[in-house]
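Hello,

Here is the structure I said I would pass on. My notes follow below it.

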Amino acid sequence: MSWHVLGAGALGSLWAARLAGAGATVRIILRSAQRLADYQRAGGLTLTADDLSRLYAIPAELPDASEPIQRLLVACKAYDAEGAIAQVASRLSSGCEILLLQNGLGSQQAIAERWPQARCIFVSSTEGAYREDDFHVVFAGRGQNWLGDPNGGSAPVWLDELNRAGIPQTWSSDILARLWRKLALNCAINPLTVLHDCRNGELLQHREQLSGLCEELVELLEAGGQPAAASDLQGEVLRVIEATAANYSSMYQDVRLGRRTEIAYLLGHACRSADSLGLALPRLHELHRHLREHLSQRGLPTD
Ligand code: NAP
C-alpha cells in the first residue's frame with residue numbers, strides 16, 4: 001500500500017525519505033504545477049542526517065492525480081492542513097487513514113469532523129527538521145513520535161513499517177493528553193520568548209509571569225478533562241526552559257523570519273477552549289491579545 005505524503009516541507013520530507021529509504025512505496029503530493037516542476041528540477045528530496053546527504057528520487061504528483069489514497073500523511077502547517085486535504089478529498093478511499101502531524105490542536109478535530117469516513121490518527125512529534133533549501137531537509141533533532149486515535153481502536157498494522165524505516169514511534173492510548181501537554185508547554189514558553197525578545201533561558205527572569213500562566217493553564221486542562229496533561233505543568237515548564245536555555249523557540253524563529261505562526265492552534269486554541277468552558281483566564285487572554293498585536297505590527301497574520 002502506498003504512503004501519500006501531502007506537504008514536502010521539513011517534517012513531510014523527513015518521513016517520506018525514511019519510508020522510501022526502507023523500501024516503502026511513497027508518493028509526494030505537491031500543491032501546484034510550478035512546485036512539481038521545481039521538484040523535478042531538484043531530482044527528488046535530499047535529506048541530510050548526521051552530516052550525510054542523500055537524494056531520494058521519490059515520485060511526486062499533483063492533488064488531482066487519479067490513484068486512490070488509502071493512507072495519507074499530512075505534513076502541512078496547521079493552518080494549511082484542512083485546505084490541502086480538501087484538494088485530494090475526491091481521491092480518499094472509504095476506510096482510508098489520515099495521519100495528522102500538525103502541532104497544537106484544532107486543525108485535527110476540524111479534519112476528523114469533515115471527513116468522518118477516514119480514520120484520523122493524531123501524531124505528536126518531538127523530532128526536529130528544517131528546510132535548508134527547497135526540497136532539501138536537515139534532520140536536526142532526534143526525538144519520538146506518539147501516534148493515537150482519539151476515538152480508540154487498535155494500533156494499525158503498519159506501525160512495523162515505521163520501525164523498519166527507523167521512524168521512532170509509540171502508540172498512545174491517550175493522544176489528546178500528549179497534544180494538550182505539548183500545547184500547554186508551548187503556551188507558557190513560546191509567546192513570552194517573542195514578547196520579551198529572548199532565548200528560552202532568559203524566561204527564568206520572568207518567573208512570576210510563568211507561574212501565573214501555568215496556574216491558568218492547569219485550570220484549563222483540569223476543567224477540560226485533561227488532568228494528566230495538567231500534572232506538574234509548572235515543574236516541566238521550568239525543566240524545559242533549563243534544558244533548552246540557549247535555544248530560540250520555534251515561534252520566536254518564525255516571527256524573526258517573517259513567517260506565519262501557528263498561534264491559532266496553540267494559544268488561540270487554549271483561549272477558545274477556556275471561553276467554551278466558561279472559564280475566565282485573564283492572563284492567557286491578555287497574552288493572546290498582546291501577541292496578536294505584536295504580530296500585526298510586524299505585518300504577520302494574527303490567526
Ligand atoms: P514546512 O516546512 O513549512 O512544510 C509545510 C509544507 O506543506 C510545505 O512544503 C508546503 O508547500 C506544504 N503545503 C502547504 N499547503 C499545501 C497544499 N495545499 N498542498 C501540498 N502541500 C502543501 O512545515 P514543517 O516544519 O514541516 O511543519 C509541519 C507541521 O509539523 C507543523 O504543524 C509543525 O508545527 C509540525 N512540526 C514540525 C516539526 C519540525 O521540526 N519541522 C516538529 C514537530 C512538529 P510549499 O513548499 O509549496 O510551501
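Helix 6 passes helix 7 in a right-handed crossing. Please keep in mind that this is a predicted model.

On that pair of helices: helix 6 covers residues 175-195 and helix 7 covers residues 207-223, and they pack at an angle of about 155 degrees with their axes 10 Å apart. An angle over 145 degrees counts as roughly antiparallel, so helix 6 is roughly antiparallel to helix 7. From helix 6, the contact is made by Trp180, Ala184, Cys187, Ala188 and Leu192. Helix 7 contributes Gln209, Leu210, Leu213, Cys214, Leu217, Leu220 and Leu221. Sorted by type, the residues of this contact are eleven nonpolar, one polar and no charged.

The loop between helix 6 and helix 7 holds Asp197. This residue is not a glycine, yet has a positive phi of about 50 degrees. Most residues other than glycine have a negative phi. Asp197 is exposed, with a relative accessible area of 55%.

Asp50 is another entry of this kind: it has a positive phi of about 50 degrees and is not a glycine. Asp50 sits in the loop between strand 3 (45-49) and strand 4 (52-56). With a relative accessible area of 61%, Asp50 is exposed.

Next, helix 3, which runs over residues 78-88. Its buried residues are Ala78, Ala81, Ala84, Ile85 and Val88. They lie on the same side of helix 3, because they cover an arc of only 100 degrees around the axis. What do the buried residues of helix 3 pack against? Their partners are strand 1 (3-6), strand 2 (26-29), strand 6 (69-74), strand 7 (92-100) and helix 4 (107-114).

Strand 1 includes Leu6. Is Leu6 buried or exposed? Its relative accessible area is 4%, and a residue under 20% counts as buried, so Leu6 is buried. Leaving aside residues up to four places away in sequence, Leu6 touches Ala84, Ile85 and Val88, and also Ile29, Leu72, Leu73, Val74, Ala75 and Cys76. Ala84, Ile85 and Val88 are among the buried residues of helix 3 listed above. Leu6 and Val74 are 68 residues apart along the chain, while their C-alpha atoms are separated by 4.9 Å.

That is what I have for now.

Regards

Terms used. Residues are numbered from 1 along each chain as its sequence is written. This is a predicted model: local features need pLDDT of at least 70, side-chain atom pairs count only at pLDDT 80 or more; totals for chains, interfaces and linings use all residues. Side-chain values use heavy atoms; hydrogens and water are left out. Buried means under 20% relative accessible area, exposed over 50%, partly exposed in between (1.4 Å probe, protein chains only). Helices (H or I, at least four residues) and strands (E, at least two) are DSSP runs, numbered from the N terminus. The arc is that of the directions from the helix axis to the C-beta atoms. Contact means heavy atoms within 4.5 Å. Axes are lines fitted to C-alpha atoms, for helices over the stretch in contact, and angles run from 0 to 180 degrees between N-to-C directions. Angles under 35 degrees count as roughly parallel, over 145 as roughly antiparallel, 65 to 115 as roughly perpendicular and the rest as oblique. A crossing is left-handed if the near helix is turned anticlockwise from the far one by less than a right angle, and right-handed if clockwise. Ala, Val, Leu, Ile, Met, Phe, Trp, Tyr, Cys and Pro count as nonpolar, Asp, Glu, Lys and Arg as charged, and the others, Gly among them, as polar.
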